[in-house]
Amino acid sequence: MNNEPLHILLADDDEDDRIFFKDAIGELKIHTQVTTFEHGKELMQYLNSKEYRIPHLLFLDLNMPYKNGMECLIEIRAKQNLKDMAVAIYSTSASELDIEEAFVSGANIYIRKPNNFAELRRILSEVISINWQYHSSGMNKDNFILNIY
Amino acid sequence: MSPRKHKLASRLLSAAFVISVFVLFITVSFTYNQMNNFTESEKWVLQSHSIQLELRKLQSYLYESELNQKDLLLSGNNKFIVPINTAILKAKNSQKSLSKLITDSENQEKLKSLKNLITLSIIELNLAIQSYGESDSNKTILNLHTKKGNQYSSQIKVAINDLVASEIKLLRTRENSHARYVKLSPLFYLITAFFAFIIFILAYTMLYSDMQNINQAYNQIMITSNSFEHSEGIAEIGHWVWNKCKNELSFSDNQYKLWGYETNEVKPTFEALLERIHPDDRNIWLESKDKIDTGNSPIVTYFRVVNGHGKIRHFKAYRKNIQDHYDQHIMIGINVDITDQFHRDKLMEEQLIVLENNNKELSAFTHIASHDLQEPLRKIQTLISRIEENDFPDLSEKGREQFTRIVVAATRMQKLITDLLAYSKVSRISKEFTKTDLQSVLDQSLLDLEQKIDESNARIISDKLPTLKIIPHQIQQVFTNIISNSIKYHQDNTPPIIEISSELFEKSNSKNNTLQRKTKYYIIRIKDNGIGFKQEYSEKIFTIFNRLHDNSKYAGTGIGLAICKKIIEHHKGSITAISQPGLGSTIEIILPINNS
């Protein structure tokens, strides 16, 4: 087992959600390191800086100030070094339009924020343990949406 | 009166006129002829009488000469010679006038022989006088002459009498033939008069009935024109008629009025019409004037008119070429005041914009409900779940009870928001109707409700359902909502039994007037054995937020059936409920086979 912590990024403008997210991940029995950003611009600044390490997984909220999630996603997929990074959309929106757009723009998975902490824990555990290499190759729209109410 | 009948009547009238003139002509010519006849016969009578008179005169002259001869012979007095000669001269004159008077050839012959006799008798008379003058001895010669003279005299007498008789006879024949004429003429007059009488009566009757018809037609025209005028006034329509051949233009009374003129205030001209048209719209009018209508449809234009009071009225105008009975080329123009309609349309347009704005606002509201309202709620629920997980046991008993209430309230709010969203989505989202087997839709619903069905021990019995053109996921929602209601409102201690059946719907048995006449419908019945409700609530249950039970016994938002109603109405069908408390309820859904 690799002792290096799993590097996870979260871009979400909502403080409560960031707390929930960190708490839920903290409760998982996986060694992780979570870096959070308050908006898309901050995230992209980080990703474009020299100090960054390619994260294992990025959780991206859609509705954010300065630069929204979709813009970030498009920018990320346009970058040679980032185009294979696993990106999970993490949003309250259940709109077909958003889901479709995220899929087309190259998100790996779409997660609707649950309204139950246990559920959140379960989803995060599931998403983190996916072998992304494998998942990407067999990706289609059916397994794209993880949780839609 | 129809034009054909009218033509016939005028032909009959001309025939009657011709016949009358003909009869009159015959009568006049006959009368003229008759008059001529009278004059002629009178002439004949006169002539005959003068002949007879002349003959008698002649006889008396001869007689006088004979008498004087005898007196001369007896007395030997020479004074008698002069009267003899005078008498003879008179007799000769008389003969001359007789030959003028007598025209009949037979009588002329007779007159000739009479003349001869008279000549001979005069010769004998002269001889006798001569012989008497020569000597008294020559008595034998004298006697011979006298005797001969007497013989001639008696012959003359006979001849004259014969001539007179012949003249009388001739007159009689003439009078007879004339009498026949005279006898015939009263009959002729009678017949002619009778004929004329009949013709006059006929002509009068015809004229009278024609007059009657014309009067009637005139009255009809007056009524029509009157009601037409009124109709034009009421409907705010005016018209003009233009006779192209004569270049005559006329306006209807209401045309003047609509244009803000007093009736006959101005001469009806196109200029007078143009003058009142809004200056900005005059081109519309002028351009339409040059257009020629082709086919049956008239030229239609829209323009404004500034009437006498300076008010702007909106008009729709039609113009069309027509041909009347007499093949005259006529153009009619009809102007309809559509100001009210124009304003109504404008108002409607404004309302439509308001409505569109409202819809946009509603969409925005839906978005708020879907995102912004759910956002804090989701956090509340997440926090609730965290407390439940960790700190719930540490709360006081009262705290735990109140916390449980918070959980229920939050869950209910979540349900309300999702249901409301579902309701608002019904008519907004994808409208693709596809031919779908209702059976598969029902199966999907039952799959969704699997847990509830298992828990409640419900039994679902369904017929084979038809294939209809529907929006599958919407109808699925209808099935799900209704069946879940049936399960929810089951009778205590009795497991729910739900029967689903369908059949072709007979519209004739229905009072439902929202259904279209030409479309075929299916009726789907979903019957349960639940608690039911009073029939008077059958409408109310489909109204949004309306509930028959309080939340403590049966949880719900009061949106489920409202969604069903909205979906079915979106499918141009209908949904109704039949129920009695304690006896279960039946939901009847009527859906068209085809939907566009």
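**A tutorial on reading this model**

Biologist: Let me start from one residue: leaving out residues up to four places away in sequence, Lys113(A) touches Asp17(A), Tyr90(A), Ser91(A), Thr92(A) and Arg378(B). What puts two residues in contact?

Modeller: The C-beta atoms of the two residues, placed from the backbone, have to lie within 7 Å. In this case the partners of Lys113(A) include Arg378(B), from chain B. Before we go on, keep in mind that this is a predicted model, in which local features need pLDDT of at least 70, side-chain atom pairs count only at pLDDT 80 or more, and totals for chains, interfaces and linings use all residues. Residues are numbered from 1 along each chain as its sequence is written, while chains are lettered from A and ligands numbered from 1 in the order in which they are written.

Biologist: Thanks! What are the mean pLDDT of chain B and the ipTM of the model?

Modeller: pLDDT is the predictor's confidence in each residue, on a scale from 0 to 100. Where it is low, the predicted coordinates should not be read in detail. For chain B the mean is 83, with 93% of residues at 70 or more. The model as a whole has ipTM 0.78 and pTM 0.49.

Biologist: Back to my lysine, then. Where does Lys113(A) lie, and is it buried or exposed?

Modeller: Position is given by secondary structure elements, which are DSSP runs numbered from the N terminus: helices are H or I with at least four residues, strands are E with at least two. Lys113(A) sits in the loop between β5 (109–112) and α5 (117–129) of chain A. For burial we count other C-beta atoms, placed from the backbone, within 10 Å of a residue's own: 20 or more is buried, 12 or fewer is exposed, and in between is partly exposed. Lys113(A) counts as buried because it has 25 C-beta neighbours inside 10 Å. Its C-alpha is 9.5 Å from that of Ala94(A), a residue 19 positions away in sequence.

Biologist: Which pattern does chain A follow along the sequence?

Modeller: Chain A has six helices and six strands, in the pattern β-α-β-α-β-α-β-α-β-α-α-β. Of its 149 residues, 34% count as buried. Among its contacts with a separation of 6 or more, 70% join residues 24 or more positions apart.

Biologist: Which residues have the most contacts inside the largest nonpolar core?

Modeller: A nonpolar core is a set of buried Ala, Val, Leu, Ile, Met, Phe, Trp, Tyr and Cys residues joined through C-beta atoms within 7 Å. The largest one has 37 residues, and Leu60(A), Ala88(A) and Ile89(A) have the most contacts inside it. Helix α5(A) gives the largest share, five residues. A second, separate core holds 35 residues, among them Leu468(B), Val478(B), Ile498(B) and Ile589(B).

Biologist: How many residues of chain B are in contact with chain A?

Modeller: Eleven residues of chain B meet nine residues of chain A. Ten on the chain B side, the largest share, belong to helix α8 (residues 339–390) of chain B. That side has no nonpolar, six polar and five charged residues; here Asp, Glu, Lys and Arg count as charged, Ala, Val, Leu, Ile, Met, Phe, Trp, Tyr, Cys and Pro as nonpolar, and the others, Gly among them, as polar.

Biologist: What is the order of the five strands in the open sheet of chain B?

Modeller: Two strands pair if DSSP finds at least two bridges between them. The order is β2-β1-β5-β4-β3, with antiparallel pairing. Strands β2 and β3 (299–306) of chain B are at the edges with a single partner each, so one side of each has no neighbour in the sheet. Inside the sheet, β1 (residues 237–243) and β5 (residues 329–337) of chain B share seven bridges, with His239(B) opposite Ile334(B). Nine bridges link β4 (residues 312–323) of chain B to β5(B), where Phe315(B) has Asp337(B) as its bridge partner.

Biologist: Where is Asn247(B), and what is its phi?

Modeller: Asn247(B) is in the turn of the hairpin formed by β1(B) and β2(B), and its phi is positive, about 55°.
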